[in-house]
Every structure is written in structure tokens, then in C-alpha cells.
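Good morning, and thank you for coming. Please turn to the sequence and the structure, which I will now put on display.

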Amino acid sequence: MNNQKEEKQYYITIDGQEIPVSEEVYRAYKRPAWAEHKREERGKRCIIAGVRCKKDCSQCPHRQTGSALSIEDFSEDGFAPADLSADVEEIVASRILLEDLFKALEELDPDGRLLCQLVSEGQTERSIAEHFGISQVAVGKRKKKLFAHLREILGDWK
């Protein structure tokens, strides 16, 4: 028997494609749907403590009074909820792009990785040139060539 705890995989469907995500992203994506389901279930409870209708609740003398809240009601009143699904899609796409970028950076030679690191830290071409012991023009050419190479690798993300 395998004593190792298997790690559960989480997927969300975007444009008909299942994308693996972390548990945190999965929960953030599903939370609105789960909340709506819970609201619907609460609407089926009778006034009698803990009893759920098994029949048509609209005819039940013990049904709760009041109406359920809907997103449409809020929109009509001028309160527009944020589009969370678009935010999650952007987060997933950004995360996939970052993973691809890290893989591409790992394939670079040590000088190329160091150049990218120094540029990302906000170093000037002049200070990078001093670090490598080359001219500022040479740093500019290397940087241009390196970034063109990375754009080529990540070309699908334009």
C-alpha cells in the first residue's frame, strides 16, 4: 500500500480547455458558484428549524418569507459586481506565461541569466557594462539579442 498522500489536481475550464491550477485559484474561481448554490439551498428551508422542503416550496405554509437576492437586482440598483471569472482567467494566463518565462530563462547561459537579472533589478546599461567589463554599446546589443530570443521562445503569448 502506498503511504504517500496523493496530491489532488485542480482544473478550471476556460474556453473549453481544462487548465491545471492551484487549489487557491480553483477555490477563488468556484466560490461564486458555490455561494449561489448555498443561497438556493437556504431558500428551500422551511421556517421549522432544520426542515428542508421535499415538495413545492411555493405552496408550503412553512416556507420562509422574503425574496432571494439576485445579481440582476444589484445591477438594476446601480451596483455592478466585479467580473471575477475574467480576473481568474487573467491570473491563470499570467501564471502560465511566468512558468514559460522561467523555463526559457533556465535554458540561457549563465551570462544571459545574469544580464536578465541585472536588468530586472533596474541596473543601468552602464553599471552592467562595468560588471561584465565590456562597453555599454555591447551590453545594449547583448540585451537586444537576448530579449529577441526570449520573445521568439514566448511568441505564442503576443
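R95 is partly exposed, because its relative accessible area is 44%, and that value falls between the cut-offs of 20% for buried and 50% for exposed. Please note that we are looking at a predicted model. The side chain of R95 joins that of E99 in a salt bridge, with 3.7 Å from N to O. E99 has a relative accessible area of 41%, so this residue is partly exposed as well. Both R95 and E99 belong to helix α3, which covers residues 84-106. The two residues are four positions apart, about one turn of the helix.

How many salt bridges does a search of the whole structure find? The search finds three, and I shall take the others in turn.

Let us go to helix α1, residues 23-43. Here the side chains of E23 and R27 form a salt bridge, at 3.0 Å from N to O. Why are E23 and R27 separated by about one helical turn? The reason is that they stand four residues apart in helix α1. As for accessibility, E23 has a relative value of 35% and therefore counts as partly exposed. R27, at 38%, also counts as partly exposed.

The next pair is K143 and E125, whose side chains meet in a salt bridge of 3.1 Å, N to O. This pair links distant parts of the chain, since K143 lies in helix α6 and E125 in helix α5, residues 125-132. With a relative accessible area of 24%, E125 is partly exposed.

Helix α4 spans residues 110-120 and helix α6 spans residues 136-153. Their axes come within 11 Å of each other and cross at roughly 100 degrees. Angles from 65 to 115 degrees count as roughly perpendicular, and α4 and α6 are therefore roughly perpendicular to each other.

Which residues make this contact? From α4 come G112, L115, C116 and V119. From α6 come V139, R142, K143, L146, F147 and L150. Sorted by class, the contact of α4 with α6 has seven nonpolar residues, one polar residue and two charged residues.

Thank you for your attention.

Notes. Residues are numbered from 1 along each chain as its sequence is written. This is a predicted model: local features need pLDDT of at least 70, side-chain atom pairs count only at pLDDT 80 or more; totals for chains, interfaces and linings use all residues. Side-chain values use heavy atoms; hydrogens and water are left out. Axes are lines fitted to C-alpha atoms, for helices over the stretch in contact, and angles run from 0 to 180 degrees between N-to-C directions. Angles under 35 degrees count as roughly parallel, over 145 as roughly antiparallel, 65 to 115 as roughly perpendicular and the rest as oblique. Contact means heavy atoms within 4.5 Å. Ala, Val, Leu, Ile, Met, Phe, Trp, Tyr, Cys and Pro count as nonpolar, Asp, Glu, Lys and Arg as charged, and the others, Gly among them, as polar. A salt bridge is a side-chain nitrogen of Lys or Arg within 4 Å of a carboxyl oxygen of Asp or Glu. Buried means under 20% relative accessible area, exposed over 50%, partly exposed in between (1.4 Å probe, protein chains only).
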